[in-house]
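Here are my notes for anyone opening this model for the first time. Keep the structure in view while you read, and take the points in order.

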Amino acid sequence: MGHGGSESCTPRPPIRPQLASARRVLAVVFLSLLLDLLAFTLLLPLLPGLLEGFGRAQDPLYGSWQRAVDWLAATIGMPAEKRYNSVLFGGLVGSGFSALQFLCAPLTGAASDRLGRRPMMLLTLTGLAASYAVWATSRSFAAFLVSRMIGGVSKGNVSLSTAVVADLGSPEVRGRGMAVVGVAFSLAFTLGPLLGATLPAETAPWLALLFATADLLFVLCFLPETLPPERRARPDHPGFRVADLLSPLALLRFSAVACGPDPPAGDRLRCLRRLGLVYFLYLFLFSGLEFTLGFLAHQRFRFSSLQQGKMFFFIGLTMAAIQGAYARRVRPGSELAVVKRAILLLVPAFLLIGWGLSLPVLGLGLLLYSFAAAVVVPCLSSVVAGYGSARQKGTIMGTLRSLGALARAVGPLVAASVYWLAGAQVCFTVCSGLFLLPFLFLRGLRPAPLKDE
């Protein structure tokens, strides 16, 4: 793109992908995701105190929900602990957020296949900015929940970002692009919680709103349209039913893709479905153990909030380094071999974490954990992005993102229940063994296709 007047922050018409530098598009995607995820992660260290504040203020809605959590804890035999109820309640809020992502991400992706990536990206970012505005001005638990609901519905920008990367076409660029997405996640989850922990609770939502508004304006000014009209899904195509984007079974079968324009051939569709199942199983197990990791560090090693922040800083920094130095250099066609090795590493990683009684053992487990976390999702996303025609990239990546959101909605609740009923060692041992399931499902799959259909 040239310099001068055309670079001003004036909304521009869609730009064809051949005129938009792939490197520039990836830079825009990276910075947009970084701003978005920094705003999102500011809340993480503040959530327990925020919830306890609603309790101290005797908020009526919070009180009724807290009584329901108390009943659930007593029913499944979870031990009473001073801060346990607020932690579980925070998990429920987070699971609800992921559930809304599960419902909306594929709809957003399918709409972008017809309307273009840029308008849907601007719509989702506007919704996210609105959610932070509601949070910043909220004084009740009900208003806070409304802000989380708006944010969950609007969180399709992440799947749209992966669809933008998939539009770039070249397998090498797609691989680098998915690694860039992973680096943005790692950096945000490294810096965001530390930044949030240093801010007053009343200041954090305003900073999140500032990040979200800056993200919206940045995308408005600099993100080109990567899906030109001639490559979009036709409005008159009979296509799929909305139920294909909302039913978990239909999502696992990629029904919206199979019924859409230019569906993948039989063998490729079966491979796509198996990859979706692997993605769901991996994130179901991984998110559950990731959620309980904080409980384990608090109980076994008596980590304070600051020490837990340092632990997650170490994880995020390690992931960012691995993604920048290794994951982005994975050759097209070798992604599945890398994923299989990384999943196998999670077996000893979580066994070390679950059974280790010393900090060096915990550190070794976290190092293996960080390596796997850095490469599995970017590599699987890169492989999945190679399936389907240009008219289906948004639907495919939205479906994949929705499967991940469903896994993150259910996984923490299941793992937390097993943890509190049977203990950390049983929870981490069982889940470690179950990681062999996605590994076995990957056996026999062909390497990622090097050309779009």
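1. D113, R117 and D167 are linked in a network of salt bridges; a salt bridge here is a side-chain nitrogen of Lys or Arg within 4 Å of a carboxyl oxygen of Asp or Glu. Within it, the side chains of D113 and R117 meet at 2.8 Å, N to O. Are these two buried or exposed? D113 is buried, with a relative accessible area of 1%, and R117 is buried too, at 1%. For these labels, buried means under 20% relative accessible area, exposed over 50%, and partly exposed in between (1.4 Å probe, protein chains only).

2. A word on where this comes from: the model is predicted, so to speak of a local feature takes pLDDT of at least 70, side-chain atom pairs count only at pLDDT 80 or more, and totals for chains, interfaces and linings use all residues. Residues are numbered from 1 along each chain as its sequence is written, and side-chain values use heavy atoms, with hydrogens and water left out.

3. Now the overall picture. The protein has 18 helices and zero strands, taken as DSSP runs (H or I, at least four residues, for helices; E, at least two, for strands) and numbered from the N terminus. Of its 453 residues, 53% are buried. Take the contacts (heavy atoms within 4.5 Å) between residues at least 6 apart in sequence: 82% of them join residues at least 24 apart. The protein exposes about 18500 Å², and carbon and sulfur atoms supply 69% of that; accessible areas come from the Shrake-Rupley method with a 1.4 Å probe, and for residues only the protein chains shown count as cover.

4. Back to salt bridges, of which the count comes to six. One of them joins the side chains of E225 and R232 at 3.9 Å, N to O, and both of these residues are buried. Another joins D267 and R270 at 2.1 Å, N to O. D267 is partly exposed at 44% relative accessible area, while R270 counts as exposed at 52%. The two are three residues apart in helix α12 (residues 266-300), which means that about one helical turn separates them. An α-helix has 3.6 residues a turn, so residues three or four places apart point the same way.

5. R232 deserves a look of its own. Where is R232 found? It is in the loop between α9 (204-222) and α10 (248-252), and its relative accessibility is 14%. The side chain of R232 reaches the backbone oxygen of L115 at 3.3 Å, and a polar atom of that side chain lies 2.8 Å from the backbone oxygen of L227. Both are polar contacts (a pair of N or O atoms within 3.5 Å; within protein, one must be able to donate a hydrogen and the other to accept it, and residues adjacent in sequence count only if both atoms are side-chain atoms). Leaving aside neighbours within four places in sequence, R232 is in contact with D113, R114, L115, G116, E225, L227 and R391.

6. Helix α6 (residues 141-153) holds R148, as well as S147. R148 is buried at 7% relative accessibility, and S147 is buried at 0%. Not counting residues up to four places away in sequence, R148 touches F40, L43, V93, F97, L100 and Y132.

7. Next, helix α1. Which residue caps its N-terminal end? S21 does, with a side-chain oxygen 3.3 Å from the backbone nitrogen of R23. Of the 20 residues of α1, 14 are buried, so the helix is largely enclosed by the rest of the structure.

8. Finally, the surface. V410, V414, V418, V426, V430, L434, L437 and F441 form a nonpolar patch with about 550 Å² of accessible area together. Patches are made of residues with over 30% relative accessible area and no salt bridge, with like charges joined within 9 Å and nonpolar side chains (Val, Leu, Ile, Met, Phe, Trp, Tyr) within 5 Å. Helices α16 (393-422), α17 (424-434) and α18 (436-442) each supply at least two residues of the patch. V418, in α16, is partly exposed at 32% relative accessibility.
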